Amino acid sequence: MSDGLTDLPFGPYFATPCGILAPLLARLEGRDDYMVIAREDNAVGEAAGAALCGAKPVVLMQNSGFGNSVNALASLVAPYRIPMLLIVSMRGTHADPTPENAGMGKLTEPILQGLGIGYQTLEADHVNDQLLEALRVLDEKHEPYALLVRPDFFGWSA
């Protein structure tokens, strides 16, 4: 996935630490346009600024942190149609039985739907097509878009 992501004109990348996304984050480390951000809402704010400067930013976060970013998405990104790609790992869904993540596992997709943010769940056989669709939405519709990552996508297990 990282090759497809970095081969397309996405960036800069704003990430919060995440075990599920760790293999992807490790591939992005060392890039000049990769930044680790302490909070997800701050990452969304940084990405909004980058988007307003003409970039196609990517925010990488866990869905528990997605909960922290809902107000920034609801009050800034969605209503003003600020294009950015959200890559959200899906704790609390299949392959993650931890009860503390079950709530956000159930709520992430309904929240995205409520905000009017399109999304897909990444499928290993279709990653490049899904990245191209995300790029198309950012470029043509000038809207945010999310790719959801199942816990086992990169081999993570509880």
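**View 1. The aromatic pair of this predicted model, phenylalanine 153 with phenylalanine 154**. The structure holds 1 aromatic pair, where rings of Phe, Tyr and Trp (its six-membered ring) pair if their centres lie within 6.5 Å. The ring centres of phenylalanine 153 and phenylalanine 154 are 5.0 Å apart and the planes stand at 85°, so the pair is edge-to-face. Planes under 30 degrees apart count as stacked, over 60 as edge-to-face and the rest as tilted. Phenylalanine 153 counts as buried at 18% relative accessibility, and phenylalanine 154 as partly exposed at 25%. Buried means under 20% relative accessible area, exposed over 50%, and partly exposed in between (1.4 Å probe, protein chains only).

**View 2. Helix H4 and its bend at serine 69**. Helices (H or I, at least four residues) and strands (E, at least two) are DSSP runs, numbered from the N terminus.

**View 3. The buried residues of H4 and what they pack against**. Asn63, Gly65, Phe66, Ser69, Ala72, Leu73 and Val77 are the buried residues of H4. Their packing partners are helix H3 (40–52), strand E3 (58–62), strand E4 (85–89) and helix H5 (102–115), with contact taken as heavy atoms within 4.5 Å.

**View 4. The cis peptide bond from glycine 11 to proline 12**. Omega of this bond is near 5°. Proline 12 sits in the loop between helix H1 (2–7) and strand E1 (13–15).

**View 5. Positive phi at alanine 95**. Alanine 95 is not a glycine, yet its phi is about 85°. The residue belongs to the loop between E4 and H5. Alanine 95 is partly exposed, with a relative accessible area of 29%.

**View 6. Positive phi at histidine 142**. Histidine 142 has phi near 55° and lies in the loop between helix H6 (127–141) and strand E6 (145–149). Its relative accessibility of 45% counts as partly exposed.

**Notes.** In this predicted model, local features need pLDDT of at least 70 and side-chain atom pairs count only at pLDDT 80 or more, while totals for chains, interfaces and linings use all residues. Residues are numbered from 1 along each chain as its sequence is written, and side-chain values use heavy atoms, with hydrogens and water left out.

Terms used: The bend at a residue is the angle between axes fitted to the seven residues ending there and the seven starting there.
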